[in-house]
Amino acid sequence: MEIYKIENLSFSYPASENKAIDNINLKINKGEFITICGKSGCGKTTLFRLLKKPVSPFGNIDGSIFYKGENISDVDERTQVSEIGFVMQDADSQIATDKVWHELAFGLESLGFSNWEIRSRVSETASFFGMESLFYKKTSELSGGQKQLLALASTMVMRPEVIILDEPTSRLDPIAAHEFLLALKKINDELGTTVILSEHRLEEAFPLSDRIIVMENGKIIADGAPKNIGKVLKRENNEMLRALPVPVRVFCETTDESDCPVTVREGKKWLENYACEHNIDKNVSFPDNEYIQSGSAITVKELYFRYEKELPDVIRGLDLDVKKGEFFAILGGNGAGKTTALSLISGLRKAQRGEIYINGEKIPEIPDLYENLLGVLPQNPQSLFARKTVYLDLYDMTDSRLSKEERNAKVSEICALCGIESLLSRHPYDLSGGEQQRTALAMILLKNPKILIMDEPTKGMDAHFKAVFAKILENLKKGGATILMVSHDVEFCAEYADRCALFFDGCITAVQTPRKFFCANSFYTTSAARMAKTVFPTAITASDVLYALGKKETPLPDDYGAKKSDAGHEFFEKKKKKIPATRIITGVLFLALCAVCCALQLMHFVTLDTAGYVAFEISAIVLAALGIACFFPQNEIKSVDVTCGKKAFSKRFILSAALILFAIPLTIFSGIYYFGDRKYYFISLLIILETLIPFFLVFEKRKPKAREIVIISVLSAIAVAGRTAFFMLPEFKPVAAIVIISGICFGSESGFMVGAISAFVSNYFFGQGPWTPWQMFAFGIIGFLAGTVFRKNLIKKTRISLTVFGFITTFVIYGGIMNVAALLMMTDASSPEMIIASFASGIPVDFVHALSSAFFLWFISEPMIEKLERVKLKYGLI
């Protein structure tokens, strides 16, 4: 029975010309164990996320996905949450609570299960996975393997029909990865749960699978039993053959027989028979990496470190000596202290005892540690990303003393070397795990470090780029660089490292050349070493085994770094723009207002107290800054086009405008004349209800998503927090600026709602009163107008236009409404003269408030709008 059926599925991300998924047809039967593999960026993660609607990416989709015969779009959300489990690559991003048993119960509580059923399921699941000893532990105290097991268990407690896992073992050591995959196989065998797994490290997953699916450029290029996949890839001379387990690779490069070994045991038996049948000489000497000892680059003596005084030592008597020009690899289990040791060596943490020397000098005595000396690639590459595109992050890492052309040339060269030319316009956080790793590596290499320290650099890398990565490291060594790497990738370390060390219980327990290191081990060793131990005792890699058999592995095509790319230069090669006349007029106007402020103070035309003079001085400075800024070119802030070129107002918009412009003012005036301002809480709540009507009209043809409601709530909370944070500066508040940005990004109705709710909630801190409904309406109408003007492209979205808009609307609209409100709250009888007087008396206050809106819009509008537009694109909030 089919649990998934995919027909002609294609998918592309917004603003991308390439298809992430290209015309895929696939059937997955109930109870199958499927492993999907492919190069980084081939579309595995995108395909996986499309299989579960709540985590699906936003973009253009064609074709159909059927779950149990029903289109996935029609399957209700509760069914998808409970029946389709999803385990992410990074367990930390999936764990939501503080205790293990809380995490196991979290999903069931969210679905409303009874207490006795939650207790029953949680206890049964904990027993099944052997988690009794971890049950009451804090999730922060778990090792990487335990966290990944918890993520799996907290998914299985929901009793899903299918479980989808996106590279779950990428951060696990070989032993923890083996145990995790055995738990997965146990689920498949004993519970009949369908397993769909994505992996780069196939040694363990390959023999557990019923089918292997190979993807390339968004397409399926091979689909079959594990025994047959190697032959298919070999026949097509596909580079993914290098990613398959050692027994499969050695077999496919050696013979065309029918039965291909998949496990180490099968490979060992086949190799013994093959060597016997072909009289292969077992006394083979294998070529090793040339290793010439020289002076010390990194020296660590008797190092001790603990995170807190009461906690035990994480690093205990660590001694280490890394030679200049050496590639030194450290291996060990999760939680052994490897990452902590690297943070101490790189100067990010300070040890309680012991000494660390870099090129013979203590770390505190080195003035510019990270300037062309030490390069650090952290375990999480996202910690290096600070800009909105890959190109900008790379450009920032180049030497600022170089010319723009030279810096661009450096970026182009490193992009070609690391194979990331097509990623330059992408946001770093939108890349796959392997693509992020390559981008982070490129950033570090741009600093030309003499000592390179890397923590798990090969995780998420495909076999092709690992070979390229090895060439990069080899070239760095030839240039005299020293490399210190922590890794769980035993195959990579065995093939390319000069020396390997085993890290255990806070210190290094063994150091040897790769051949001596892996030949001496039975568990922490390579698949090739286990497979060939009885035939070629000193073989540790697939290349060694093939060399002994008189064969050679098919070389990978050298398409990385084949040519330099000019991609990305468009970010910096921009034509000089002329300043439009409107900008010049606006600048002159601001400078004139600045002059007026100065004249009023110098000539004593107005009588002000100390606070008033300070306000006028601040106003003069802000006006001068805005005026000068007008004479510099401004780029339009990029945003998602939701109007599709149509500027006509829809019926929904007209109805919303009627409710906001007529119904709400009528409610306020009714409150004044019928309740005498005494029921301001009641009036405020009525306004909120009337605000909700146009907001929910946006969803007349679809259900609102929780994330759409949440982001409006967050914007309201930011406005409230901003008003509270600046309480000590009278009228100098960012509320109007936040409201304007909300209207621009999410429409008129959302802008009005953010404004009204912000005023209502913030008055719990500043004091509620009859003025609350007026403030709600005043802030709301600013947001509504911003959404109308900018979303319909009536005014271009530049920083200066937003600043001017904010100044005028705050001064005229908010000031005008609140001045009239103040008059009506003081007296029932009003006249035109009294209204004019109220306007005149409120000018200084309104002026400062308007300037604050202009000030905040100038500094926060562009970054905040860009962030919100990115959120809209990523999550489909359009």
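Reader: Hi! Is Lys466 buried or exposed here?
Author: Hi! In this predicted model, Lys466 is buried, with a relative accessible area of 16%. The cut-off for buried is under 20%, so Lys466 counts as buried.

Reader: Okay, and which side chain does Lys466 meet in a salt bridge?
Author: That would be Asp489, at 2.6 Å from N to O. Lys466 sits in helix H15, while Asp489 lies in the loop between strand E18 and helix H16, so the pair ties together parts that are 23 residues apart in sequence. Asp489 is buried too, at 9% relative accessible area.

Reader: Nice. How many salt bridges are there in the whole structure?
Author: A search finds 29. One of them joins Asp505 and Arg316, at 3.3 Å from N to O. Asp505 is in the loop between strands E19 and E20 and Arg316 in strand E12, so this pair links parts 189 residues apart in sequence.

Reader: Is Asp505 buried or partly exposed?
Author: Partly exposed, at 40% relative accessibility. Arg316 also counts as partly exposed, at 35%.

Reader: What lines the largest cavity?
Author: There are 14 lining residues, and those nearest the centre include Arg201 and Lys459. By type, the lining has one nonpolar, six polar and seven charged residues.

Reader: And which residues touch the most other members in the largest nonpolar core?
Author: Phe746, Phe752 and Leu868, in a core of 51 residues. Helix H27 gives the most to this core, with 11 residues.

Definitions and conventions. Residues numbered from 1 in each chain as written. Predicted model: local features only at pLDDT ≥ 70, side-chain atom pairs only at ≥ 80, totals over all residues. Heavy atoms only, no water. 1 Å grid on protein atoms, 1.4 Å probe; cavity = no way out; pocket = protein on both sides within 12 Å on 5 of 7 lines; lining within 4 Å. Nonpolar A, V, L, I, M, F, W, Y, C, P; charged D, E, K, R; others polar. Core = buried A, V, L, I, M, F, W, Y, C linked by side-chain atoms within 4.5 Å. Buried < 20%, exposed > 50% of the residue type's maximum accessible area, 1.4 Å probe, protein only. Helix = DSSP H or I, 4+ residues; strand = E, 2+ residues; numbered from the N terminus. Salt bridge = Lys/Arg side-chain N within 4 Å of Asp/Glu carboxyl O.
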